[in-house]
Amino acid sequence: MSDAQLEILASRAGLAVDWIDANGRPQKVAPSVLRNVLTGLGHPAGSAQEIDASLQELQQVQQTRHLPPLLTADFGVGLSLAHYFEPQTPCEIHLEDGSRLHLKLDAEAILPGLVPVGYQHVSIDGQEFTLAVAPTRCYSVGDAVDSPIPRAWGLSVQLYALRRPGDGGFGDTQALEDLARVAGERGAEALAISPLHAMFGSDTQRYSPYSPSSRLFLNSLYAAPGAILGDRALRTAIDATGLAAELKHLEALPLIDWPVAAEAKHRLLQALYEGFVQGEHPLHADFSSFRHAAGEALENHCRFEAIQEARAAQGESLDWRQWPVQWQNPRSAALAEFAEENAGRIGFFAFCQWLITRCLERAQTAARSAGMSIGLIADLAVGADGGGSQAWSRQDELLASLTVGAPPDILNRTGQGWGISAFSPEGLVRNGFRAFIEMLRANFAHAGGLRIDHVMGLQRLWVIPNGASPADGAYLYYPVDDLLRLLTLESHRHQAIVLGEDLGTVADGLREKLIARSILGMRVLLFEQDNAHFKPILDWPDNALATTSTHDLPTLNGWWHGHDIDWNARLGLVDAPGEIEWRHHREREREGLRRVLSEDPQNFREESHETDQVLDAAIRFLGHTRAPLVLLPLEDALGIEQQANLPGTTDTHPNWSRRLPGDSEALLDDPDAARRLELLACARLQAAERDQ
């Protein structure tokens, strides 16, 4: 079998045969790995005959003169259509506003850059396609706060960690509303939250917000039903289910008991639905309107949930790839029959989506009403579970046979497998980027901003065949310019900022593309150093947000005291010599941080606990940077020691289960938090005055 032909096939399928690792060393993907990854992409490569057939099929697709359903362009820039049409061909463009534009391709078959921003319908020589014309940049922080040199600040919070009386054991949208109001009153412009993607209703053991069933819909557990249906309906449902004592017990727990709390919330939602559908409820019309507008996508998601529920009751696999064949196709006659027979259950899941959607709308309204110019910043996970709702309903556009992760590096010598699937680059193009656009719209819908986890995935992702070691993967490239144009267009249409989490290995040229689009990168205080020499204030960039830490890192307090090292040692994730070296390096880092913080004469003047001094100084430091937006994790505002998630662990560390101390509406009254928010607000004002 010819490795040369195999490598040609891999390159044409968008795989990087040669790549550079995090240490700057050249690497080459082994032929056996290429064959497995190509098979996962839908290009069999197990033999010379299969390679030749796959190459011929790809070549035919890539050389065809048939137009794809959607092309993208930048406003004011011509689009070459020479691959499809002859020069001087006339064209008619049906604009979104109902008007028409008559143009002609030029001598090089370029469509002039005269088409306005939006999704425009183009007819040329008997063929039609959608042209997505993007503005030059995304809606920015400067646009939001109406300042050419913005120096805004906000908070970030793990939604489930919030508390309020009657929350049932984990944070919900009512607690989020409460926090948004008090944060806005203190001058915050934004409130970034953990992902609210739909999870698996029939598998309450799965609760990592970054491993969802679908990024199109929401986790209905976070709904605060009383906010929509009224307290009376809520009390009636609690009485009917006999859940009062259990809910109170769950609220008192120091950690979230996800399986028990989720089951209790499901029972409560079911009782609310039964009450809702009986009689003439005043919100029936709104529910019907919501369901109609959400269309086929919502129907498919609800059918998926209903099938999983039925299979769970029988002890059968929930993974759609192991369902009976007639249920694996969302449009099959068998599925339509199932839907008719289970209309009540499907209606229940639609009710849950309506409820959480209306609750999230309220939270964003509360944030904006409290004076926030941005409000909620939603979090978009890098992928969805290959056995979940989104992968099932968009099978041609998601790679359910591959998982996403990271290659081996210094921190993870065996690499990482994240257990989630990603989009198929070929499937996206083939379907006019439908799945990507609908996902963006769903996540922009009720927020003033969107944080894109692992934004490098817009350009390339490390993909691994299901069941293989993370080391046996390869980089898959995406049509990054098309994706960025669509992201820019949707940001513009929703008047929402975009943040790109660009921590880790970033391919050459991507940061420049993000900067050109006004997509803010991310700079974390703990990482802005070179061997314990921390970057001075004025060396921080003005094209990235600044933050003290993230959900995958220790809190400032925890970092200062080495709690992350303690956890790694306790769980055997680092050996004894490695632990000693780590602690010595941490001491040098502590000295380096204190040194850079001491350059500000305002710091370390007060007689107080050392940790409080460091936290206060670090927050003031970030406030003085040139970052357009500073996001302060609520854990660091409060001085909490333990982190939300310890990467590389599942059940040995309480990931995604820690709760914050105190009710959300009173959290910022904590003396430490109040002082630190005041320090941050003042520092931001001083930075604005300095930089105007």
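Arg-659 counts as buried, at 10% relative accessibility. Its salt-bridge partner is Asp-167, and Asp-167 is also counted as buried, with 3% relative accessibility. The model is predicted. In this model the protein has 24 helices and 26 strands, and its radius of gyration of 26 Å is close to the 26 Å that the globule rule gives for 692 residues, so the protein is as compact as a globular protein of that length.

**Overall form**

- Taken along the principal axes, the box filled by the C-alpha atoms is roughly 75 × 65 × 55 Å.
- Of the 692 residues, 57% count as buried.
- Among contacts with a separation of 6 or more, 71% are made by residues 24 or more positions apart.

**Surface and charge**

- The protein exposes about 28500 Å², and carbon and sulfur atoms supply 50% of that area.
- There are 59 positive and 92 negative charges in the protein.

**Salt bridge Arg-659 to Asp-167**

- The structure holds 49 salt bridges, and the one between Arg-659 and Asp-167 has its closest N and O atoms 2.8 Å apart.
- Arg-659 sits in the loop between α23 (634–638) and α24 (671–691), and Asp-167 in the loop between β11 (152–157) and α5 (173–185), so this pair ties together parts that are 492 residues apart in sequence.
- Buried means under 20% relative accessible area.

**Salt bridge Arg-358 to Asp-286**

- Arg-358 and Asp-286 form a salt bridge in which the closest N and O atoms are 2.8 Å apart.
- This pair links distant parts of the chain, with Arg-358 in helix α13 (residues 343–369) and Asp-286 in helix α10 (residues 284–313), 72 residues apart.
- Arg-358 is buried, its relative accessible area being 17%, whereas Asp-286 counts as partly exposed at 27% relative accessibility.

**Salt bridge Asp-566 to Arg-583**

- Between Asp-566 and Arg-583, which form a salt bridge, the closest N and O atoms are 2.7 Å apart.
- Asp-566 belongs to helix α20 (residues 563–570) and Arg-583 to helix α21 (residues 576–597), so the pair ties together parts that are 17 residues apart in sequence.
- Asp-566 is partly exposed, with a relative accessible area of 25%, and Arg-583 is partly exposed as well, with 32%.

**Salt-bridge network**

- A network of salt bridges links Asp-612, Asp-616, Asp-672, Arg-675 and Arg-676.

**Surroundings of Leu-461**

- Leu-461 is a residue of strand β19 (residues 460–465), and it counts as buried at 4% relative accessibility.
- Leaving aside neighbours within four places in sequence, the residues in contact with Leu-461 are Val-382, Val-404, Ala-422, His-454, Ala-474, Tyr-475, Leu-476 and Tyr-478.
- Gln-62 is 399 residues from Leu-461 along the chain, and the C-alpha atoms of the two are separated by 22 Å.

How values were computed. Residues are numbered from 1 along each chain as its sequence is written. This is a predicted model: local features need pLDDT of at least 70, side-chain atom pairs count only at pLDDT 80 or more; totals for chains, interfaces and linings use all residues. Side-chain values use heavy atoms; hydrogens and water are left out. Helices (H or I, at least four residues) and strands (E, at least two) are DSSP runs, numbered from the N terminus. The radius of gyration is taken over C-alpha atoms; the globule rule is 2.2 Å times the number of residues to the power 0.38. Buried means under 20% relative accessible area, exposed over 50%, partly exposed in between (1.4 Å probe, protein chains only). Contact means heavy atoms within 4.5 Å. Accessible areas come from the Shrake-Rupley method with a 1.4 Å probe; for residues, only the protein chains shown count as cover. Lys and Arg count as positive and Asp and Glu as negative; His and the chain ends are not counted. The place of a charge is taken as NZ of Lys, CZ of Arg, CG of Asp or CD of Glu. A salt bridge is a side-chain nitrogen of Lys or Arg within 4 Å of a carboxyl oxygen of Asp or Glu.
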